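Dear colleague,

Please find the structure below, handed over for your records. My notes on what was found in it follow.

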Amino acid sequence: MVELDILLYAILAVMWNNERISWDPVQFCGITHISVPREMLWRPDLFIYEMIQKDDSPHNPYMYVSYDGTITFEEDVKVVSTCKMDVYKFPFDTQRCNITIGSAIHCVNEMRLLPFSNSSRATQFSREVMKSQGEWEFLQLSITSYNFTFNDRQWENLIYTFTMKRRPLLHVINFLLPILFFLSLDLASYFIADHRGEKLGFKVTVLLAISVLLLILNDILPSMSNKTPLIATYCIVIFALMLLSLLETILVTYLMEKDSVSREELRLRDKREKVKIDNCNAACDGEKQHELLPVAEEVQPRESHVLLLILEELKELQTTLNLHFCCRQEVGKSGHWAAKINRAFFIFYVTTVSLFLTLIFIEWNT
C-alpha cells in the first residue's frame, strides 16, 4: 500500500509501509524514527506520465523510517509537463492541467496507489506553499483515481487536476484598451470636415496602429487552440470596421471633390456667359445708333434685321439657362449624396460597434 501526496509547485511526498522493517522503541532507547540513505531501501517506481523534461532539482538523499515500518520519502520535484490548453476566451480563460502518477512495473495486485490527502486538504496546502503565481491564479486541486487494463493486467493511476485562472489585467491594459481607444478615435474622426485631406490621413494612421497591435497579438497568443480565440475575432472585426470606414471616407471625399470641380466649372461658365451678354448689349446699342439715321426707306428692313438678331440671342440665352440649371442640379446632387452616405454609415458604424462589443464581452464573461 503506497500513499502519496502532491502539492502544487514542487512538493511531492510518498509514504508506504515496509513489513520487514520494525522494532520496539522500548528496547532501543525510545527511538521511533531514523533516517537512512535512499539507496538502502526499496522505493516504488512512480513516474509522471505528462513529464517531458528530466528533473534537475536537488534530490533528498535520505528516507525516514518509523518503528512500525512506515517509510516517508519527501522530495522537491520540478515538473515540466504537457497540458492541453483552451485559449478560446483568452485572456479571461481558465485552464485545467493533469498530472498522472503511476507505476511502470507494478500492477494493482502488487501495489496500490492511494491519495494521502483529499481534494480540499490538498487545495489548502497548495495555497499555503505556493511560492509564485505570476500570471496565473490557483483555484483548485482535485484528486481522482483511474484504473485501466493492459496485457490482462490492471493498473492504477492517480490523477491530480490543477485548475488555474489567468490574470487578465496586464493584457487588458496593454492590448484590449488601446484597441478601444483607437476605435473611439475612428468614431471621433467623423466630426472632421470631409472636403479636407486630414480626415483621410487620420484614418489611415489609426488603421496602421491597429495593424501593429495585431502583430503584437501574434506574439502573446498561444498557438494551440481548436477554435478561433475571441480576442482574435475582436481584433479582426474592429480592423474590418475601420477598413470599411476608410473606404467610406474615400468615397465621400471623391464625391466632395467632384462637387467642388463642378462648382468651379460652373463659375467659369457663368463668367463666360457674362462676357457674352455684355458683348451682345454692346452690339444692340450699335444697332440702335444706326436706327436713328433719317433714312425712311431703310427703316423697315432695319427693324426686321434687329428683330431677327434679338430672337437669335433669346434662343441662345434660353439654351444657356437650361445648361446652367442642369449643371446646378448636378453640382447639388453629388454633395447631397455625400452627406447622405456619411450620415447613414455613421449610424450603421455606431450601431454595429455597440452590438459587437456587447456580445463579445458577454461571451467572455460566460
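I250 is found in helix α4; helices (H or I, at least four residues) and strands (E, at least two) are DSSP runs, numbered from the N terminus. Please note that this is a predicted model, in which local features need pLDDT of at least 70 and side-chain atom pairs count only at pLDDT 80 or more, while totals for chains, interfaces and linings use all residues. Residues are numbered from 1 along each chain as its sequence is written, and side-chain values use heavy atoms, with hydrogens and water left out.

I250 counts as partly exposed because its relative accessibility is 41% (buried means under 20% relative accessible area, exposed over 50%, partly exposed in between, with a 1.4 Å probe and protein chains only). Together with L243, L244, L247 and F348, I250 forms a nonpolar patch on the surface, with about 420 Å² of accessible area in total. Patches are made of residues with over 30% relative accessible area and no salt bridge, with nonpolar side chains joined within 5 Å and like charges within 9 Å; a salt bridge is a side-chain nitrogen of Lys or Arg within 4 Å of a carboxyl oxygen of Asp or Glu. Areas come from the Shrake-Rupley method with a 1.4 Å probe. Helix α4 (residues 230-291) gives the most to this patch, with 4 residues.

**Annotated spans**

The unreviewed UniProt entry lists residues 169-193, 200-218, 230-256 and 344-362 as "transmembrane region"; such annotations may be inferred rather than shown by experiment. Residues 200-218 are 100% helix and 0% strand, with end C-alpha atoms 28 Å apart. For residues 344-362, also 100% helix and 0% strand, the end C-alpha atoms lie 27 Å apart.

**Strand β10 and its partners**

Strand β10 (residues 153-166) is largely enclosed by the rest of the structure, because 11 of its 14 residues are buried. Strand β9 (residues 136-150) runs antiparallel to β10, and 14 bridges join them; two strands pair if DSSP finds at least two bridges between them. Q140 has T163 in β10 as its bridge partner. The two strands β9 and β10 form a hairpin with 2 residues between them, and N151 in the turn has a positive phi of about 55°. Strand β7 (residues 94-103) also pairs with β10 in the antiparallel sense, over 9 bridges, and I101 stands opposite L158 in β10.

Yours sincerely
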